[in-house]
Amino acid sequence: MNQVKICGITEEQEIEWLNEALPDFAGFVVFYPKSKRNLSIERARELKAGLRPEIRSVAVTVSPTAEELAQIEEAGFSLVQIHGPLAEGALDAVSMPVLKAFNGKDLAHFGEWESNDKIAGYVFDAQIPGSGKTFEWSVLESIPRTEKLTLLAGGLTPDNVADAMRATGLHGADTSSGVEREDGCGKDKDKIFAFVRAARQEV
């Protein structure tokens, strides 16, 4: 069954909905003030504490420093999802599993991370993460398929995620804007449930 990640969680009400819908992962954006979904590490810790234990918490960040990674690990997240480049040695002190995110513009660097034992999986996203736009999925055909987790992101909605899973053959799907309200402020309960069902092809 396909894995499902709902990202960009910001409210207690959304935690309650996730506990009902039971995706595999819940993502919290930290240390990235450019995002409207950005949270302080303290707020993210508070929210994730309300998740059912079977939902794994993911701290989502961009080019974190070693100090920021230490704070994420200390906060007790299940995984950290890293976008963008990292300073050399930034991962040295990290023992938690890492999801490395690749956008259309940096997929060429995939090979540099493939042999890193700390990488538990990959997220393949659009050119601009969080933009709600898809990308040409055929570029993923050259990505080696291993036991490491592979998640597709970028413009996925309840309407297109089942097709995306069939087209790419990845392990699962990741969405944020695809399950938000029409005004773009916060998540929509019905969309969350519809996305989880469609991603797992239970419809």
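**View 1. Gly76 sits in the loop between helix H3 (66–74) and strand S4 (79–83).** Helices (H or I, at least four residues) and strands (E, at least two) are DSSP runs, numbered from the N terminus. The model is predicted: local features need pLDDT of at least 70, side-chain atom pairs count only at pLDDT 80 or more, and totals for chains, interfaces and linings use all residues. Residues are numbered from 1 along each chain as its sequence is written, and side-chain values use heavy atoms, with hydrogens and water left out. Gly76 is partly exposed, at 42% relative accessibility. Buried means under 20% relative accessible area, exposed over 50%, and partly exposed in between (1.4 Å probe, protein chains only). Leaving aside neighbours within four places in sequence, Gly76 contacts Lys48 and Ser57. Contact means heavy atoms within 4.5 Å. Ser63 is 13 residues from Gly76 along the chain, and their C-alpha atoms are 19 Å apart.

**View 2. Thr146 lies in the loop between strand S6 (119–124) and strand S7 (149–152).** Thr146 counts as partly exposed, with 42% relative accessibility. A polar atom of the Thr146 side chain lies 3.1 Å from the backbone nitrogen of Lys148. Glu180 is 34 residues from Thr146 along the chain, with 32 Å between their C-alpha atoms.

**View 3. Asn2 belongs to the segment before strand S1 (3–6).** Its relative accessible area is 16%, so Asn2 is buried. A polar atom of the Asn2 side chain is 2.8 Å from the backbone oxygen of Ala199. Not counting residues up to four places away in sequence, Asn2 touches Asp24, Met165, Leu170, His171, Gly172, Ala199, Arg200 and Gln201.

**View 4. Helix H1 (residues 12–21) meets helix H6 (residues 189–199).** Their axes come within 10 Å and cross at roughly 30°. Axes are lines fitted to C-alpha atoms, for helices over the stretch in contact, and angles run from 0 to 180 degrees between N-to-C directions. H1 and H6 are therefore roughly parallel to each other (angles under 35 degrees; over 145 is roughly antiparallel, 65 to 115 roughly perpendicular, the rest oblique). The crossing of H1 and H6 is right-handed: the near helix is turned clockwise from the far one by less than a right angle. H1 contributes Trp17, Leu18, Glu20 and Ala21; these meet Lys189, Ile192, Phe193 and Val196 of H6. The residues of this contact comprise 6 nonpolar, no polar and 2 charged. Ala, Val, Leu, Ile, Met, Phe, Trp, Tyr, Cys and Pro count as nonpolar, Asp, Glu, Lys and Arg as charged, and the others, Gly among them, as polar.

Conventions: A polar contact is a pair of N or O atoms within 3.5 Å; within protein, one must be able to donate a hydrogen and the other to accept it, and residues adjacent in sequence count only if both atoms are side-chain atoms.
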